[in-house]
Amino acid sequence: MATFLYRLGRGSLRLRWLVIAVWVLIAAGVGAAAVAFQEETEAEFVLPGTESQEAFDLLAERFPQMSADGASAKIVFASEDGRPLTDADHAAVVDGLAAVMEESPQVAMVASPFATGPNGEPVGMLSAEDQTIGVLQVSYTAPQEDLDQATIDYLEDAIGDVEGQGLQVEVGGDVLEESGGPPATEAIGIGVALVVLVLTFGAFLSAGLPILTALIGIAVTTFGITASTAFLEVNDSTSILAIMIGLAVGIDYALFILSRYRSELAQDGRVDDPDARAEAMGRAVGTAGSAVVFAGLTVVIALLGLAVVDIPFLTQMAAAAAVAVSLAVVIAVTMLPALGGLLGAKVFSRRQRRRIAAGFKETKPNGGRRWAGFVTRRPVLVGLIGIAGLGLIAIPAADLELSLTTGPSAETSAGRASALIAEGFGEGYNGQLLVVGDLGDGTDPAAAVKAVTEELGGVDGVASIGRSVPNEAGDTVLISVIPETGPSDAATTDLVHAIRDALAGDPDAAWSVTGQTAMSIDISDTLSDALVPYLALVVVLAALILMLVFRSILVPLMATLGFVLSVCAALGALVAVFQWGWGAGLFGVEEPGPIMSMMPILMVGLVFGLAMDYQIFLVTRVREAYVHGADPKQAIVDGYGHSSRVVVAAALIMMSVFAAFILAEQSFIASMGFGLTMAVVFDAVVVRMAVIPAVMALIGRGSWWMPKGLDRVLPNVDVEGERLHQRLAEDGAEENAKLIDAAK
């Protein structure tokens, strides 16, 4: 592989204009496809095969008039003067708005808080005690993402017309939800990355190359996702992960190769010689590029492994991110060399070029060498502090609570509407459950409803049971159930399972529980059940890949155990801040609560990839020194002396990109940004820079032990470029021989 990449890097620099033209055409073509084929993205999370999804699909089939997948608005009225809503003045306002909403575009049904049933009994949502809070429920014929702007404008204008008439009016439901795209604050991460790169390279033009190549990769990926909406049902969260991880690894991969190129070129000294630049780029891509390819491969495998969870929207996010990472790798080994060729000698600053021309060589130990020396002298102390510290931070992870349902911000109208509903009717009204009965042939609907209502009444946690609603054919019945607790409460999860257990085995009907809350619980349960198997999968993959790379048994074991430790610590920090509320104000967490269901499994996939990145970039240089004759401790010092500065810079860039997402308004994106930032801190700084070298120093030569039989079976991928160096040395010797013969 190293030889192939050597030729690729060398050729890309020599044919730089052709390579750049090809990438420009690719970007332009995918961009044109995005413009031509762009369709609306999907906002809903679908989980095929679960009880809640099957019941939801049954509702859509048997109750088409309900528009089960349609958007909804809960217009909440609260009396400001203490008089009940039934008072003539207040009732006129409520009834007037109900009449206006009946004329709304795309409206399916309007239910007044004063609505009554066939026998005159109240069925509307009006607070029982003082009747000062009521809910006007509006259902639409289309999902939120398919509503016309005229429909949304109509609702906003209608609400505006009734404000200031003695009633507080707030709007909940999903009709006014905005799609949560990636935050504009990602520019902050790019700005910080540029500063880090300038400090790392000491040359502004070099610093701009990794950012430029990363942005090109992100642009192509985003265009591709947009174009795919014409052929696939793409969730509107698909691009978030691709942008986040693609930007971070895109900068890092280019950083590693560019740093090696500058090192090779400076060592050669012929900065102004085009042939020397091509040779240096070939060597850089052949060595650092090999590490980049395998690092990218680990990230892609971890991301695509998420498909085993079998959740479509999560698979889409992972696939899009895998494409972004793959593009980052290809761009790093092709376009980066081409752009480096355009810069020529300007890849160094003027001061750096003068020092190279003068033959200046760095003689003082750098920070990485000094740190590695300290670690190898005190491995027990460093290792114990690192492991104990991460273990302590990981403790809150034992209290991890997951939920797909995250309440709206208290500062929004939806958040205020939710609070008023909880005040007037109880927390459970924000998490209403729908019990659906698929009746058997000859089953009396009235008898079936009576029996199941009695059964539901005996289940702990049920606050109230609504009246039953049969469909026109009489083969399906719908009953609403109000829990005593809110949608994200653990007791509500227990209630859903209790209802399902209580209704299982009914010979006259097949009963199931659905609704947004039940679907959230099913997705959370699926993700929780998949977390441990997925973690085991990526750990095994890590061990296999690292055995190929390092020809060792213990180095992969150290790497994977360190990865598990950093994941647990990152989850612990996430729970402490976003669930327990420690330092919530510092990170802009308005309302601490359960962690978004998909966070842990996404973090496992991403942290695995990043951990293997740093492991490969750091330890390949250690192994390179070791196979060239250095003793184990000296190999650690030499390897970290060469690579730690670049890895620290890469980690700082990762942290800055991820940390920028903490400023996002969407809680899920903010928590993901925080979790990934902490994961990089723990894995890159603590595990890879402290714990791993400490353990390797303690084990010594045993770190590189490999059974001879296994060593013969495993293919040699030559990540360190040992064969490449050997071939180049042979070519150099052959060339010298030819010159000597010519001289004779």
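**Figure 1. Salt bridges in the predicted model.** The count comes to 16 salt bridges, where a salt bridge is a side-chain nitrogen of Lys or Arg within 4 Å of a carboxyl oxygen of Asp or Glu. The model is predicted, so local features need pLDDT of at least 70 and side-chain atom pairs count only at pLDDT 80 or more, while totals for chains, interfaces and linings use all residues. Residues are numbered from 1 along each chain as its sequence is written, and side-chain values use heavy atoms, with hydrogens and water left out.

**Figure 2. The salt bridge of Glu170 and Arg416.** The N to O distance between these two side chains is 3.1 Å. The pair links distant parts of the chain, 246 residues apart: Glu170 belongs to strand 5 (residues 167–173) and Arg416 to helix 14 (residues 413–425). Helices (H or I, at least four residues) and strands (E, at least two) are DSSP runs, numbered from the N terminus. Glu170 counts as buried, at 8% relative accessibility, whereas Arg416 is partly exposed, at 33%. Buried means under 20% relative accessible area, exposed over 50%, and partly exposed in between (1.4 Å probe, protein chains only).

Figure 3. Arg283 and Glu279 both lie in helix 9 (residues 274–304), four residues apart, or about one turn of the helix. Their closest N and O atoms are 3.3 Å apart. Arg283 is partly exposed, with a relative accessible area of 23%; Glu279 is buried, with 19%.

**Figure 4. Other salt bridges.** Asp89 and Arg83 meet through their side chains at 3.8 Å, N to O. Arg83 is partly exposed, with a relative accessible area of 30%. A network of salt bridges links Glu61, Arg62, Asp438 and Asp475.

**Figure 5. A negative surface patch.** Asp399, Glu401, Glu427, Asp489 and Asp494 form this patch. Patches are made of residues with over 30% relative accessible area and no salt bridge; like charges are joined within 9 Å, and nonpolar side chains (Val, Leu, Ile, Met, Phe, Trp, Tyr) within 5 Å. Asp399 sits in the loop between helix 13 (379–394) and strand 6 (402–403). Asp399 counts as partly exposed, at 34% relative accessibility.

**Figure 6. Strands 7 and 10.** Strand 7 (residues 433–439) pairs with strand 10 in the antiparallel sense over six bridges; two strands pair if DSSP finds at least two bridges between them. Ala509, in strand 10, is the bridge partner of Leu439. Strand 10 (residues 509–514) is mostly covered, with five of its six residues buried.

Terms used
Accessible areas come from the Shrake-Rupley method with a 1.4 Å probe; for residues, only the protein chains shown count as cover. Lys and Arg count as positive and Asp and Glu as negative; His and the chain ends are not counted. The place of a charge is taken as NZ of Lys, CZ of Arg, CG of Asp or CD of Glu.
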